[in-house]
Amino acid sequence: MDACEKAIVKAPKHKGYQCARGLARALTGDTAGAISDFQAYVDWASNDHWKAKVQKWIDELRAGKNPFTEEVLKGLLEE
């Protein structure tokens, strides 16, 4: 989380770092913070593939689901 915060301070316009913090927040139980960070990323991003992926995470978090299965996390590490 600390690394995410430092990256956001250094490059506040690059919402990719905020997306990374959103993942950290989701994994530590801060669902509202995760949704906020993910939404900032979706509003900023131009990559339609990633926008759709992150929007799905938002939708699942809002529905009370955990989108970060072991398979999803493994896939993120491989990307």
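Trp 44 is found in helix α3, residues 31–44 (helices are DSSP runs of H or I, at least four residues, numbered from the N terminus). This is a predicted model, in which local features need pLDDT of at least 70 and side-chain atom pairs count only at pLDDT 80 or more, while totals for chains, interfaces and linings use all residues. Residues are numbered from 1 along each chain as its sequence is written, and side-chain values use heavy atoms, with hydrogens and water left out.

**Trp 44**
- Trp 44 is partly exposed, at a relative accessible area of 40% (buried is under 20%, exposed over 50%, partly exposed in between, with a 1.4 Å probe and protein chains only).
- Leaving aside neighbours within four places in sequence, Trp 44 is in contact with Lys 13, His 14, Lys 15 and Gly 16 (contact means heavy atoms within 4.5 Å).
- Lys 15 lies 29 residues from Trp 44 in sequence, and their C-alpha atoms are 6.6 Å apart.

**Helix α2**
- Gly 29 follows α2 and has a positive phi, near 90 degrees.

**α2 against α3**
- The two helices, α2 and α3, pack at about 155 degrees, with axes 8 Å apart (axes are lines fitted to C-alpha atoms over the stretch in contact, and angles run from 0 to 180 degrees between N-to-C directions).
- That makes α2 roughly antiparallel to α3, a term for angles over 145 degrees.
- Among the residues making the contact are Lys 15 and Gly 16 of α2 and Tyr 41 and Trp 44 of α3.

Definitions and conventions:
Angles under 35 degrees count as roughly parallel, over 145 as roughly antiparallel, 65 to 115 as roughly perpendicular and the rest as oblique.
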